[in-house]
Amino acid sequence: MDLHFDTDEIGPTRVLLVREPSLGLEGFVVVDNVAAGPAIGGIRMAEDVSIQEVARLARAMTWKNAAAGLAHGGAKAGIVGDPEMDPAKKEGLVRAFGRAIRVLDSYIPGPDMGTNEAAMAWIVDEGGRAAGLPRVVGGIPLDEIGATGLGLAAAADVAAPRVGLTLAGARLAVQGFGAVGQHGARYLGERGVRLVAASDSRGATVNADGLDLEALVLHKASGQPVSTFPGGSGSDDTALVGVDCDIWIPAARPDVLRADNVTALKARLVLQGANIPATAEAEAWMAANGVLVVPDFIANAGGVICAAVEFHGGTESTARQVIQERIRANVAEVLDRVERDGLLPRQAAEAMARARVAEAMSYRRP
Ligand code: NAD
């Protein structure tokens, strides 16, 4: 096993290797930085998960939590194994991992690829701590309440006026009509925004007069692609880049907007629900052409904020309130930095996160 990983002045502060050969358990936790508070980050289960990958993801969590305005540092964990293994064996491994990481009182695990709410409940049952629990044991189901979509709408509250856009009557396109995209459209709909286009992995539906959102959600929930929705005209245009709209929400895969297609974009505001939905070239083009972008780790932080509220014993309604307050404040600070320092939105967001971590570190004993 390659145990080498990078270190610098930010972290990691603690690294734990967990091995229990009799159980076939091998895993690790990288607690990157805890200056702002105990570190939150998911447990990933995959056959090829490595300590280097976990260390990189732990650093990303340090920036993400700081950018979200949470009093939490960043961490990540990995368990080596096939997440589709025999369920009883998986539970045994997760429980053993949970017992082994109890010593790390600065780490709060959450679900990630290959783990879920049940896994977090097993860890708590083993005497540990975790966020992202099932509802019956105090969890706030973030996809059910649409935590990330709610955050996207809060981002729009602050960003839309900066490009002279009034939300009431604005036209929205959603690329990737899943949990994030549907809830984003619903919360923006409460503000008078009209959904005019939506896509999924199989195609798109467009209606310039507005799509019936609830009917489209039901159509999709019945297992049908959006392209067969009777209330719009169907096409195979999954990327939806050139569609006529004011607000564009990518909520599917990385790198949808690239140098070769971004010039077709008609929207004035892009709220990044998906992670890294635009290449660096595409983001530079948008900045130069008056398209305002609220970058992923600012706009889609609703989920991580919800997990933090849950960990502190908050209710669903507190989570809703905190998500909106935090995201509005963060978007305002990022856009102020963009205007003041002439930075791209992503650079401004990174600078804000670094400044917050540096300030938290300045209060620590030298
Ligand atoms: P989801 O699986 O519920 O929905 C994804 C949707 O995208 C589906 O409708 C799928 O058909 C569609 N899709 C897939 N490939 C596509 C393509 N090539 N073109 C068009 N549509 C495509 O997933 P989700 O939970 O809504 O997450 C969406 C994105 O947001 C992911 O990138 C995820 O990492 C990111 N994200 C999610 C959350 C969250 O709270 N769920 C938080 C932060 C970021």
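These legends go with close-up views of one predicted model. Residues are numbered from 1 along each chain as its sequence is written, and side-chain values use heavy atoms, leaving out hydrogens and water. In this predicted model, local features need pLDDT of at least 70 and side-chain atom pairs count only at pLDDT 80 or more, while totals for chains, interfaces and linings use all residues.

**View 1. Helix α7 and its buried face.** Helix α7 covers residues 213-221. Helices (H or I, at least four residues) and strands (E, at least two) are DSSP runs, numbered from the N terminus. Leu213, Leu216, Val217 and His219 are buried in α7. Seen down the axis of α7, these buried residues fall within an arc of 160°, so they line one face of the helix. The arc is that of the directions from the helix axis to the C-beta atoms. An α-helix has 3.6 residues a turn, so residues three or four places apart point the same way. On the other side of α7, Leu218 and Ala221 are exposed. Buried means under 20% relative accessible area, exposed over 50%, and partly exposed in between (1.4 Å probe, protein chains only). The buried residues of α7 pack against α6 (179-189), β7 (194-200) and β8 (203-206). Contact here means heavy atoms within 4.5 Å.

**View 2. The two ends of α7.** At the start of α7, a side-chain oxygen of Asp212 reaches to within 3.4 Å of the backbone nitrogen of Glu214. A polar contact is a pair of N or O atoms within 3.5 Å; within protein, one must be able to donate a hydrogen and the other to accept it, and residues adjacent in sequence count only if both atoms are side-chain atoms. Gly223 follows α7, and its phi is positive, near 95°.

**View 3. Arg346 in helix α12.** Arg346 sits in α12, which spans residues 345-362. Its relative accessibility is 19%, so Arg346 counts as buried. Leaving aside neighbours within four places in sequence, Arg346 is in contact with Gln272, Glu283, Pro295, Asp296 and Phe297.
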